[in-house]
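Good morning, and thank you for coming. Please look at the sequence and the model together while I speak.

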Amino acid sequence: MSFVRGDFLTRTRKLVKGLAMAEPVWLKAMEQAPPPTFPRAEGKIKTITLPEDVYVKKFYQKHPDSLYQDPIKIRDFDHPPSRIFALRVLELKEQGVSEEKAMALADMEYRAEKKEKKKAYAGLKQIARLQGKRPPPNPFPSAIKEIQAEERKLVRDRFFNPKIREIARQKKAERFETLERLRGGMIGDGSSV
């Protein structure tokens, strides 16, 4: 219906007048109380940018291993490292520190915090090993390893899930039947000989 201009009501009227469709029951009621029309956006919709987005991009250029962490986690109370870095740079700039110094200081703080967390995690792992327990989750997990761990469950599932195994058996049987039909059709016709 792209050739018909106008809103839904106008399009329906034109289709009814042109005898392209029967008059719907709701048309008279909709003509008496037409739906509200909303103004359209003029041109392209502007992208929403936050003041710290520039520094988030610079953080990812410096630390590409953090790229796989989602910079905006709506359900999470803790900001990802990139947002913390960017907010710290903005805070330092408000205090009158130059941009380069603010970025260097925020980067130094980030590296120190990461180093402390890794050291604390190593200590917790050692304590867990001595006690014979499982170590706690890594505070700086590799995003690639997390994705692979999620996929590993699905890969294992295809071998052990009875529903998936049944689907695989059905597909094999269908493939075998189609091959048999093709072989039988070629031999029965005598055209292949």
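I shall begin with the overall fold, then turn to helix packing, salt bridges and selected residues.

First, a word on the source. This is a predicted model, in which local features need pLDDT of at least 70 and side-chain atom pairs count only at pLDDT 80 or more, while totals for chains, interfaces and linings use all residues. Residues are numbered from 1 along each chain as its sequence is written, and side-chain values use heavy atoms, with hydrogens and water left out.

Let us take the overall fold. How many helices and strands does the protein chain have? The secondary structure comes to seven helices and zero strands. Here helices (H or I, at least four residues) and strands (E, at least two) are DSSP runs, numbered from the N terminus. Along the sequence, the pattern of the protein chain therefore reads α-α-α-α-α-α-α. The protein chain has 193 residues, of which 18% count as buried. Buried means under 20% relative accessible area, exposed means over 50%, and partly exposed lies in between, with a 1.4 Å probe and protein chains only.

I turn now to helix packing. Helix α3 covers residues 53–62 and helix α4 covers residues 81–94. Their axes come within 8 Å and cross at roughly 125 degrees. Axes are lines fitted to C-alpha atoms, for helices over the stretch in contact, and angles run from 0 to 180 degrees between N-to-C directions. Helices α3 and α4 are therefore oblique to each other. As to the term, angles under 35 degrees count as roughly parallel, over 145 as roughly antiparallel, 65 to 115 as roughly perpendicular, and the rest as oblique. The crossing of α3 and α4 is right-handed. A crossing is right-handed if the near helix is turned clockwise from the far one by less than a right angle, and left-handed if anticlockwise.

Helix α3 also packs against helix α5 (residues 99–131), at an angle of about 55 degrees and with the axes 12 Å apart. That angle makes α3 oblique to α5. The crossing of α3 and α5 is right-handed.

The next topic is charge. Side chains of opposite charge can pair when their charged atoms come close. A salt bridge is a side-chain nitrogen of Lys or Arg within 4 Å of a carboxyl oxygen of Asp or Glu. The structure holds eleven salt bridges.

One of them joins arginine 13 to glutamate 31, with the closest N and O atoms 3.0 Å apart. Arginine 13 lies in helix α1 and glutamate 31 in helix α2, so the pair ties together parts that are 18 residues apart in sequence. Arginine 13 counts as partly exposed at 31% relative accessibility, and glutamate 31 is partly exposed at 36%.

Another salt bridge is formed by arginine 88 and glutamate 109, where the closest N and O atoms are 2.8 Å apart. This pair links distant parts of the chain, with arginine 88 in helix α4 and glutamate 109 in helix α5, 21 residues apart. Arginine 88 is partly exposed, at 22% relative accessibility, and glutamate 109 is partly exposed, at 31%.

Within helix α7 (residues 162–189), how far apart are glutamate 166 and arginine 169? Being three residues apart, they are separated by about one helical turn. Their side chains meet in a salt bridge of 2.8 Å, N to O.

I close with some individual residues. Most residues other than glycine have a negative phi, and most peptide bonds are trans. Leucine 19, although not a glycine, has a positive phi of about 60 degrees. Leucine 19 is found in the loop between α1 (8–17) and α2 (27–32). Is leucine 19 buried or exposed? Leucine 19 counts as exposed, at 76% relative accessibility.

Phenylalanine 8 is found in helix α1 and is partly exposed, at 48% relative accessibility. Its C-alpha atom is separated by 10.0 Å from that of proline 34, which is 26 residues away along the chain.

Finally, valine 155 has its place in helix α6 (residues 143–160). At 39% relative accessibility, valine 155 counts as partly exposed.
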